[in-house]
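Subject: Structure handover

Hello,

Please find the structure below, followed by notes on what was found in it.

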Amino acid sequence: PVGVLNCCRYYSEKGRVHPLTPEKLNELRLVVSQTERKAYRVIAVATRTTEYNNLRRIYPIQSDMTFEGFICVREPLLPGAALNIEKCIEAGIKVIMTTPDVRETNRCVAAALGIIKSDDEAVTAKRLRDLKEGLYRLNTTSLYRLYEGVTDDDMRKVVACLKENGEKVGIL
């Protein structure tokens, strides 16, 4: 949603189009943040009329858009998911969550499931890639439980690091 909002120059409200001021933009970003904290997936909808009919001019097509609104979808957790994770942790199994994107919802879901207890246990793949090898190994094996924005290569490196530390790794 923030990426879509950044492409907007106007917003639509009560059937009228208004210029998107910095204050209104910040207000909309706050709405996104608050809604994602409640474990909703937020989708921003924007429109633009253009004379172009091909993708060669994609940048002009994706700028100066009119923000139309948000679609908020709540994806319920599987019944008993938190209890099953709690049982795994009690049995000594380290539960790790990975996501292909970085969004506030990930941390909320991970906390609700009991995978993380604080934001310190979450890391983005970009931040992880910036760590020196020693810190990478130490943090991967002892600190992080939520990996956000990971690619397949990132996941392979995390798994390899855990295995080198003597962990038995299973992926579901």
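How many aromatic pairs does the count come to? The answer is two aromatic pairs, where rings of Phe, Tyr and Trp (its six-membered ring) pair if their centres lie within 6.5 Å. This is a predicted model, in which local features need pLDDT of at least 70 and side-chain atom pairs count only at pLDDT 80 or more, while totals for chains, interfaces and linings use all residues. Residues are numbered from 1 along each chain as its sequence is written, and side-chain values use heavy atoms, with hydrogens and water left out.

One of the two aromatic pairs is formed by Tyr144 and Tyr147, whose ring centres are 6.2 Å apart; their planes stand at 75°, so the pair is edge-to-face (planes under 30 degrees apart count as stacked, over 60 as edge-to-face and the rest as tilted). Tyr144 counts as buried, at 2% relative accessibility, and Tyr147 counts as buried at 1% (buried means under 20% relative accessible area, exposed over 50%, partly exposed in between, with a 1.4 Å probe and protein chains only).

Next, the sheet. Four strands make up an open sheet of mixed pairing, in the order E2-E1-E4-E3. Strands here are DSSP runs (E, at least two residues) and helices likewise (H or I, at least four), numbered from the N terminus; two strands pair if DSSP finds at least two bridges between them. The edge strands, each pairing on one side only, are E2 (16-19) and E3 (40-47). On average, neighbouring strands of this sheet are turned by 40° against each other, direction ignored.

E1 (residues 8-13) runs antiparallel to E2, joined to that strand by four bridges; in one of the pairings between them, Tyr11 has His18 in E2 as its bridge partner. E1 and E2 form a hairpin with two residues between them, and Lys14 in the turn has a positive phi of about 55°. With E4 (residues 65-74), E1 pairs in the parallel sense over three bridges, and Thr66 in E4 is the bridge partner of Tyr10.

Last, a helix pair. H7 (residues 133-142) and H8 (residues 152-164) pack at about 80°, with axes 9 Å apart (axes are lines fitted to C-alpha atoms, for helices over the stretch in contact, and angles run from 0 to 180 degrees between N-to-C directions). H7 and H8 are therefore roughly perpendicular (65 to 115 degrees; under 35 is roughly parallel, over 145 roughly antiparallel, the rest oblique).

Regards
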